[in-house]
Amino acid sequence: MADDTVDPRRVETWRGWRAAAEEALYGPDGFYRRPEGPAGHFRTSVHASPLFAAAVARLLCRVDEALGRPAVLDFVDMAAGRGELAAGVLAALPADVAARARVHAVEVAARPGGLDERIEWRTELPRGITGLLFANEWLDNVPVEVAEVDSEGVARRVLVRRDGAERLGEPLTDAEERWLARWWPLPAEPGLRAEIGLTRDAAWADAVSRVERGLAVAVDYAHTAAARPPFGTLTGFRDGRETPPVPDGSCDITSHVALDACAASTTGAAVRLMSQRDALRGLGVTGVRPPLALASARPAEYVRALARAGEAAELTAPDGLGGFGWLLRSAGLRETDAEALFAALFVDVPDHEEH
C-alpha cells in the first residue's frame, strides 16, 4: 500500500518500470541511498564469505601478470555497496601488488565511515582503467522496461504506480521490438512477459569502454536465450526476504540479466560466459572437505578448514550462488594473453570429499 504521507498525485502517476525503478532505487530517497546499505536486505557472494574477495584478488593478480605488472594497477568495484568487496580484495592482495594497486569503489551512496583510506570512493566509473573492473550484482539493478503480451497477442509496455499497481500501456518502440525479436521472442500468448535489456546492454558497453587494458567482469543472476523465463523475473527484496516489487524506495527492485545480450553489445575482444561455480573453482575455491586425519592431529585447524569448505560449497552450489553467470570481456590484451587468462578459469578442480 502507498505511504499516507506521499502526495496522492504522485501515487497515481503511471510510468514504465524503467523510470519508476530508477527513482525508487537511485533517487534522493532511493533504496540504495539508505544507511543500512544492501547488506541490510539481501546477501551477496561478498557477504557470504571472504573467500569470494580472495578469489577476486587472485583474478586481479592474474590480470596483473597478463598486463606485464604495470606501475599502477586499477581495481574497480562497480556498485560497491558499502565497499565490502573493495576492502576485501585490497586486504587479500600480496604486498607487492597492493603497493601498486589503485582501488576505486563506485556507488551512489555516501562513503561509509571506517573504509580503508586507500580506497577512492566515487559516483561514476573512472576512464582509462588498467586492470580489473568487477561488477558484482550491478546489472540486475540497472532498470529496464517490462513488456507483456495483451489479449490481442501484442507486446505492450507495462506501466506501474508508486504503490506497485500495474496496467498495460503503449506499444513498444521499434528498438525494443527488435531487441525482443533477437533476444527474448514472446509468443502471442496473453500474459507472457519479458524484461527488455537495452539499458543493460548500453550500461555494460559503457563500462567496458572505460577499460583501456585489462578485464571487465559482470557477475549476476542470469539467463540465456535457450531458457528465458516465460513470465519474466521482476521481483523485490526487503529485510532478507523476497517481496513484490513496489517502486516506492522501500525495497530492492531486481530482475535477472540476459548476459548473452550484454556479451553481444561489444565487439573486437575476447569474451566468455561461464557459471560462478566454474569461475571460482578455477580461482581455487572448492567445497573439498579437509581429511579426517586432520581432526585428531590438529583439531583447531580442522575446524577452520571445515568452515572454509562450507563457505566454498555455498559460493559454488549449482542451484544457488554457484549458478550465477560470469561475463568476462578483455580489453587491450593480445589475443594469446586473453585466451590464457580465460583458460586459467577452467582449471579442473576435484570436488569430492577426502577421507
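Q: Two strands pair if DSSP finds at least two bridges between them. Which strand do 3 bridges join to E14?
A: The partner is E12 (residues 235-238), which runs antiparallel to E14. Strands here are DSSP runs (E, at least two residues), as are helices (H or I, at least four), numbered from the N terminus. The model is predicted, with local features requiring pLDDT of at least 70 and side-chain atom pairs pLDDT 80 or more, while totals for chains, interfaces and linings use all residues. Residues are numbered from 1 along each chain as its sequence is written, and side-chain values use heavy atoms, without hydrogens and water.

Q: What is the bridge partner of phenylalanine 237 in E14?
A: Phenylalanine 237 is partnered there by aspartate 252.

Q: And how many bridges pair E12 with E13?
A: E12 and E13 (residues 241-243) are paired over 3 bridges, in the antiparallel sense. Within that pairing, glycine 236 faces threonine 243 of E13.

Q: How many residues lie between E12 and E13 in the hairpin?
A: The hairpin has 2 residues between its strands. In the turn, aspartate 239 has a positive phi of about 55°.

Q: Changing topic: how many cavities of 30 Å³ or more are there?
A: The count is 3. A cavity is a set of points on a 1 Å grid over the protein atoms alone where a 1.4 Å probe fits but cannot get out.

Q: What lines the largest cavity?
A: Its lining (residues with an atom within 4 Å of a point) comprises 13 residues, with Ala21, Pro143, Val144, Leu234 and Ile253 nearest the centre. Helix H2 (17-26) and strand E14 (252-254) are the elements that give two or more residues to this lining. H2 provides the largest share, 3 residues.

Q: What volume does the largest pocket have?
A: The largest pocket has a volume of about 700 Å³; a pocket is an open set with protein on both sides within 12 Å along at least five of seven lines. It is lined by 33 residues, and those closest to its centre are Tyr26, Met78, Ala79, Val106 and Trp138.

Q: Which elements give two or more residues to the lining of the largest pocket?
A: They are H2, helix H3 (45-48), strand E2 (73-78), H5 and helix H8 (198-209).

Q: Which of them gives the most?
A: H8 does, contributing 4 residues to the lining of the largest pocket.

Methods
Grid points are joined across faces, edges and corners, and a volume is the space filled by probe spheres set on the points.
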